[in-house]
Amino acid sequence: MRRRTVAAGTLLVLLLAGCSSTTPSTAPTPTPIPTPTPKPSATPTRPTDSGTAIPMWANVLRQPVDGQHLVTQQHKYVVTRGSDEAGTTTITDRTSKKAVVRHVPATGFVAQSPVVIDDHWALIEDIRSDGPDPQIKVVRYDLTTGKAATPAGIPPVSEPEIGAYNGTFAYSSTDAKNRSCLIVADLSTLKSRAVTCVDAPGYVADPVVSADTVTFSEIIAPETARRCKRILSAPLTNGPAKPVPAATNCIQWSGATIGGATVWSEVAAADPNQYQSKAYVRESGDSPARALGTVVTDTILACGNWILWEVRTVSATGEETYQINRWRPGLATPQRMYAAKPGVALTPMTCQDNTVYVEAAYLASTPTYTETISAAV
């Protein structure tokens, strides 16, 4: 494991918890407010929506900042994570309201996002990034029994980031030749394929999965002046990875692809403000790049037929404002999908069953609280 960093979503949740002076709650797992979600198919398929009307947002879960936080919500199960240091993860049956899984990371480990979940299985990742022996542990839970086991038959996870789209997930693994390989796997069958491999000390990272494509980064000559990071995409089922032509070579960061169109961002590794990056879109591999403005780094996400991202602006007085934009192939300009009130921060989004979830943190309120909202895209 090369980077000893906590995944962005988990890190932000822990930071939010640290903002409160109250003791972490030990109350039972809260039940999110039911929200309309599309009926999922047995296997991931291309969504068929064609409208461009801005969807309505629904309130899902409101909690103190040191309470439970929504990780994702599936049509049968809801996944929440506590504000304890390790990030205890609970999976609850939405019908019976009973917890079927309570995952407590081992001492020294911290739970990561996302949780990959379908009707039968859930995959949870824990990392230990401190100390002389950093490790990554991945377990798969059988949701009918609550029992956990190390997933057999797939290559081990070697980088913290896991990209997920319903029951399909992608990650980095180091093979017997010490190469870093991008793996795409199915949660139910654990069938997998290696999309591409990079010789050490290079590595692949930042996988983002859509209904038809995995988009990821390839880093060559890290920790040197020749460092080069580029974005590639590949079909989920078969076919080689192809580079996404950059606006500026070697500083691509992360992106998402749907229907052959890619939105990605660029920021140099030495940039002091890596929190924000410049975004671009190409409708196909040979089409010209169009600038989309500045985005919050690592928030580009595919959901349904859409690619979404977050934007952060800072006023002259230092007040932050967040919004969510979305774009799809054929659309001339992005749509503003959500605008938060000034002073309300957003966590990175997640997508499950063509529904996007995001947590808004009201840190200027008394008392402080967070509220998860959702929209079917």
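## Overall make-up

Of the contacts in the chain with a separation of 6 or more, 46% are between residues 24 or more positions apart, a contact being heavy atoms within 4.5 Å. The model is predicted, so local features need pLDDT of at least 70 and side-chain atom pairs count only at pLDDT 80 or more, while totals for chains, interfaces and linings use all residues. Residues are numbered from 1 along each chain as its sequence is written, and side-chain values use heavy atoms, with hydrogens and water left out.

The chain has one helix and 30 strands. Both are DSSP runs numbered from the N terminus, with at least four residues of H or I for a helix and at least two of E for a strand. Of the 377 residues, 53% count as buried; buried means under 20% relative accessible area, exposed means over 50%, and partly exposed lies in between (1.4 Å probe, protein chains only). The accessible surface of the chain is about 16,600 Å², and carbon and sulfur atoms hold 54% of this surface. Such areas come from the Shrake-Rupley method with a 1.4 Å probe, and for residues only the protein chains shown count as cover.

## The sheet β11 to β14

Four strands make an open sheet in the order β11-β12-β13-β14, with antiparallel pairing; two strands pair if DSSP finds at least two bridges between them. The edges are β11 (163–165) and β14 (192–198), each of which has a single partner strand, so one side of each lacks a neighbour in the sheet. On average, neighbouring strands of this sheet are turned by 20° against each other, direction ignored. The axes behind this angle are lines fitted to C-alpha atoms, for helices over the stretch in contact, and angles run from 0 to 180 degrees between N-to-C directions.

Strand β11 is joined to β12 (residues 168–174) by three bridges, and the two run antiparallel. Alanine 164 has phenylalanine 169 in β12 as its bridge partner.

## The sheet β15 to β18

Another open sheet has four strands in the order β15-β16-β17-β18, paired antiparallel. Its edge strands, β15 (203–209) and β18 (242–243), each pair on one side only. Between β16 (residues 213–220) and β17 (residues 228–235) there are eight bridges in the antiparallel sense. Valine 214 has alanine 234 in β17 as its bridge partner.

## Disulfides

The chain has three disulfides, a disulfide being a pair of cysteine sulfur atoms within 2.5 Å. With the bonded cysteines numbered in sequence order, the pairing is 1-2, 3-4, 5-6. In the link of cysteine 181 and cysteine 197 the sulfur atoms are 2.1 Å apart. Cysteine 181 lies in β13 (residues 180–186) and cysteine 197 in β14, so the pair ties together parts 16 residues apart in sequence. This link of cysteine 181 and cysteine 197 is right-handed, with 105° about the S-S bond. Cysteine 181 is buried at 4% relative accessible area, whereas cysteine 197 is partly exposed at 26%.

Cysteine 228 is joined to cysteine 250 by a disulfide with an S to S distance of 2.1 Å. Cysteine 228 lies in β17 and cysteine 250 in the loop between β18 and β19 (252–258), so parts 22 residues apart in sequence are tied together. The torsion about the S-S bond of cysteine 228 and cysteine 250 is about -85°, so this disulfide is left-handed.
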